[in-house]
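Please read it with the sequence and the structure open.

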Amino acid sequence: MDKTTLTELDYYRIRDTIAGYCVSREGKAALLEREPFTDPVQIEQLKNASREWRAYNTSTRSPALSSWPEIQFLFQIMKVDGAALTLEQVYALGLFCTSAKKAASSVLGAETELTLTCLAQAVRSIPDLSAASSEIFRIITPDGEIKELPELREIRVRIAELNKKIRILMHAYTSDQKLASVLESTVPAFRSGHQVLAVHASQRNRIPGIIHEVSQSGQTVYIEPEDSVKASNDLVQEEFNLQLAIRTILKRLTAALAPFADTFAAALPVMIMLDTTCAASRWGIERNCVYALPCDESQPLNIVQARHPLLGDKAVPIDVRFMPGKRVLIITGPNTGGKTVTLKTIALFSMLNQSGFPVPAKEGTRLPVFSGVFADIGDGQSLDQSLSTFSAHMKNIARALAESVSSSLILLDELGSGTDPQEGAAIGMAVLDTLIERNAFVLVTTHQGVLKNYGWTHPTCINASVEFNSRTLSPTYRLLMGVPGESRALDIAAKSGLPAGVVSKARSYIVNEQADISALIKGLTAKHSELDVLLMQYKRSEEELNERRRKIDTKDLMLRQKEYELKIGSHTETAQFLADSRKQLENLVRTLREGEITREKTLSVKQYIANLTKAVSEQESQLEAESANLSDDVNAFRKIAELTPHPHSSKPAKKRMKNAEALKLVHEADSALPPAAENRQKVVAAVTDSVGKGLQKRLVFKPGASVLVGKERRSGTIVSGEGRGSWLVQIGSIKITIKQKELELVAPSRHVNTPSVTVDIAQNDGAGERPLFELRLLGMREDEAVRALEHQLDLCTVQNFRNFSIIHGKGSGILQQAVQNYLSHYEGVKEFHFAPPEDGGTGKTYVTLR
């Protein structure tokens, strides 16, 4: 990338600001050297890591990274035989180990909750530094001080004893009243590492010893008494021995850490990556940034509510949306309206995106990856190089034309300016023709009217303008896509103080054609404003619908909660009733056991049983009545649903007919059947005959009657009555008591499994409909899913389709269970099973029909 262009775009200022968010010197240094990348894979990896840091940093978890000093230069020292790291350098390695361990534990601890896939992969790639960390912190404390090791303890004890001896000797001098007039101060001083006494120069002979220093005035001399000289010399010797011992320990430690030099070298780049991506995330969080999505042919450049990061709160958000096939953006409009800022913002966002940084915009922003950026921005005039404004422009444009390719971004500010307008416009169009031939991405600002027309007529160009408020005669800094803008030079000149007479005369020089163009541009701008209003109304309507949907969902949830509470209440009442009944029965049994069985006791037991039976019967009657009412309502709703096709369903509506109507329809259709349908006609006739005979008999519940039991419609025979609306029914070899409402009388026939005939008439032609290889039920309610599955099975039966799959998802398991239940009771299904894990697992079912 061209450094001059990046400087013009203020890229380095933004990059340096982001580098300030790093916790380590090496991370900051890496960011300060970063240039925009051109590899899309590398860019996406950095952005994905930074996205995950955003999720972590906006959570309530503690910071995952801690700072560490610079360590890279230590790796070569560690490999040198006999080398010894200093205490500070060893401590730096220890801090790096601690930071790496903390980063790994923090990221892995939040991996599942926050979906930190990229960060988890990165920290898992950090080599194990636990052995090196153990070696380091065996010698030093977490604060960086060397520990109290055995080889140092004896030396430190001797040093402490010598210091104490010197303090006692000094105290003997400072507390001696005879020397009060000799000493300048009663507090010993330190000179050259020795404790000395401040003595008046005239009295220095009173205290024999070594003079270490004389004050500037010559009035005070600093003397080390003779009796403390030996102790001080011994102290210096012991301190030297201590440093020698420490150096020996550090030398051994350096040798022990030497095998880990390559391990540290492998871990450092990962930690730097974590630091730099975390810094970008923290910068983006403070400025409400997003991570741009990649572009492709169907989804071109799109910037939503972009804000230049250096303008802060004064930035006016702009929207820039390219359509497929557009590669050139021509921005026009008044001076000081923000054309150049818009140009720089688009280019700057692209460079930030290619550096793995977020951009100050809204979600939905998409940015392409450019291989190079060329810019002609600003005046460029230079007296030293004898360059005029125009020649400076031409020099920059010539370089762009010489080096640009299809993946280049070219910024041309004030194209065609600095020379004769007609010639400048001609040069501008020729330059654009060349760049369009190369399929380069071009951003242009201009005041040339010819170039506005060029933008309208060329299929790869799109016009845009910076908005101007004609009421206040000032720019609004908003960008209007698809509409060219006026320069409004006269209005701005008048507002800037140009005399009204001069402005009026200037207006008189404007030809009518230009006035017509201005009127056309004003009309387009007005239409654009109307579209903006309509778009805002649409967004508000959408928000209202979403809010209404949310309220409905909330109400549905409340109803479900209420239903659950009612069930709990009913269960509590039943439990209490059983408990009370149990207590009363126990009391009656106890009473019977304690004495003789009398007539009164027997009557009381019978009366209790009768009352209990009556209460149960009343409760059953009430539940049966409620069940009947509910069934009527459900049946009525089903009839309405069957007669009313779903607006998004291609399945024909069905009409359920009475048996008499069905028979009539069958007889009427006999004459219309073609010869190929004779076999089918015979079947219909047989069914009709069976139904007719069954209808002639009057069916009643009595012993020996044939019935169908429950939803499974199993065949059974009534054995005897059990009272209270129940019958003893024999099903196969099993006898069971069943309520009458769960039984359905059937005529004694060999076809008891088809007691009634229902004829479904399709009210629209579905002859072209075919079964699906893969039936998708995702997003459907349970009843919708069952109807769709039923329709699929019907089509499979008609068209001899034997194998298909059903995608019902996992979720809460409702659709999965509904599909399994339906298939298990469908006679035409040979087998069904879940898909293998790699093809959907329990979220997908394979079906094979007979």
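**Notes on the predicted model**

1. The protein chain has 23 helices and 21 strands; helices (H or I, at least four residues) and strands (E, at least two) are DSSP runs, numbered from the N terminus. The model is predicted, and local features need pLDDT of at least 70, side-chain atom pairs count only at pLDDT 80 or more, and totals for chains, interfaces and linings use all residues. Residues are numbered from 1 along each chain as its sequence is written, and side-chain values use heavy atoms, with hydrogens and water left out.

2. Of the 850 residues of the protein chain, 36% count as buried. Buried means under 20% relative accessible area, exposed over 50%, and partly exposed in between (1.4 Å probe, protein chains only). Among contacts (heavy atoms within 4.5 Å) between residues at least 6 apart in sequence, 65% join residues at least 24 apart.

3. Which residues of helix H2 are buried? In H2 (residues 11–19) they are Tyr11, Tyr12, Ile14, Arg15, Ile18 and Ala19. These residues lie on the same side of H2, because they cover an arc of only 160° around the axis; the arc is that of the directions from the helix axis to the C-beta atoms. An α-helix has 3.6 residues a turn, so residues three or four places apart point the same way. The cover over the buried residues of H2 includes helix H1 (3–8), helix H3 (25–32), helix H11 (261–286) and helix H12 (339–354).

4. Helix H12 also contains Gln354. Gln354 counts as buried because its relative accessibility is 0%. A polar atom of the Gln354 side chain lies 2.8 Å from the backbone oxygen of Phe37. Leaving aside residues up to four places away in sequence, Gln354 touches Met1, Pro36, Phe37, Thr38, Ile43, Pro368, Val369 and Phe370.

5. Angles run from 0 to 180 degrees between N-to-C directions, and axes are lines fitted to C-alpha atoms, for helices over the stretch in contact.

6. Within this sheet, three bridges pair E1 with strand E2 (residues 194–200) in the antiparallel sense. Ala189 has Val196 in E2 as its bridge partner.

7. Another open sheet has five strands, in the order E16-E15-E14-E13-E17, and its pairing is antiparallel. Its edge strands, each pairing on one side only, are strand E16 (734–739) and strand E17 (743–745). The twist averages 45° from one strand to the next. Strand E13 (residues 706–709) and strand E14 (residues 714–723) run antiparallel and are joined by four bridges; Ser706 has Thr717 in E14 as its bridge partner.

8. How many salt bridges are there? The count comes to 20, where a salt bridge is a side-chain nitrogen of Lys or Arg within 4 Å of a carboxyl oxygen of Asp or Glu. One of them joins the side chains of Glu35 and Lys3 (2.8 Å, N to O). This pair links distant parts of the chain, 32 residues apart: Glu35 is in the loop between H3 and helix H4 (40–57), and Lys3 is in helix H1. Glu35 counts as partly exposed because its relative accessibility is 21%, whereas Lys3 is exposed, with a relative accessible area of 51%.

9. The side chains of Asp10 and Arg13 also meet in a salt bridge (3.8 Å, N to O). Asp10 counts as buried at 18% relative accessibility, while Arg13 counts as exposed at 52%.

10. In a further salt bridge, the closest N and O atoms of Asp262 and Lys79 are 3.1 Å apart. The pair links distant parts of the chain, 183 residues apart, with Asp262 in helix H11 and Lys79 in the loop between helix H5 (74–78) and helix H6 (87–114). Lys79 is partly exposed, with a relative accessible area of 42%. Salt bridges that share partners also join Asp2, Arg399 and Glu403 into one network.

How values were computed. A polar contact is a pair of N or O atoms within 3.5 Å; within protein, one must be able to donate a hydrogen and the other to accept it, and residues adjacent in sequence count only if both atoms are side-chain atoms. Two strands pair if DSSP finds at least two bridges between them.
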